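Dear colleague,

I am handing over the structure below, and my notes on what was found in it follow.

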Amino acid sequence: MMDDLHIHDFYKDAGRILLALYNQFPAPATVYVEDIAGPDTPDEFGLHSPRHLACLGALSWLKQYGYIHFSQLVRQEAVEEAVLSHRGFLLLVSRDGGGQSNAKLLHDTVRDGSSPQLQELMEHLMREFHTL
């Protein structure tokens, strides 16, 4: 059986990144990797942990696929002038059948939900993103 912990970490990181930018919207913000993934423990050579690098990868992936924009990477610590894309914003302000915004659903699920609940919501949001 495959261990998909890295996928669950991706969903959590991506959700936290989207929420952080939603809460700052429309002002561009600096997003620090440690604020999303937690404290890093670089090795004796100063190289970041795999967990830190995975979160950095989530930031890059969200940019590459159009959820967010940012101007530049600051070493491997943060991204500057990050903001939701137009479609990323529309995704989060869209409402579900019960009238709750996707941002509220995401906030509640990141905070209180289980990994399977977060996975289900993130996959739903990613499918919805492509219909916007």
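Asp108 and Arg111 form a salt bridge, with their closest N and O atoms 3.7 Å apart, where a salt bridge is a side-chain nitrogen of Lys or Arg within 4 Å of a carboxyl oxygen of Asp or Glu. This is a predicted model, in which local features need pLDDT of at least 70 and side-chain atom pairs count only at pLDDT 80 or more, while totals for chains, interfaces and linings use all residues. Residues are numbered from 1 along each chain as its sequence is written, and side-chain values use heavy atoms, with hydrogens and water left out.

Both Asp108 and Arg111 lie in helix H5, 3 residues apart, about one turn of the helix; helices (H or I, at least four residues) and strands (E, at least two) are DSSP runs, numbered from the N terminus. Through shared partners, salt bridges join Lys104, Asp108, Arg111 and Asp112 into one network.

Asp13 also forms a salt bridge, with Arg51, at 2.6 Å between the closest N and O atoms. Because Asp13 lies in helix H1 and Arg51 in helix H3, the pair ties together parts 38 residues apart in sequence. Asp13 is buried at 1% relative accessibility, whereas Arg51 is partly exposed at 26% (buried means under 20% relative accessible area, exposed over 50%, partly exposed in between, with a 1.4 Å probe and protein chains only).

In helix H4 (residues 86-93), the buried residues are Gly88, Leu91 and Leu92. Seen down the axis of H4, these fall within an arc of 90° (taken from the directions from the helix axis to the C-beta atoms), so they line one face of the helix.

Best regards
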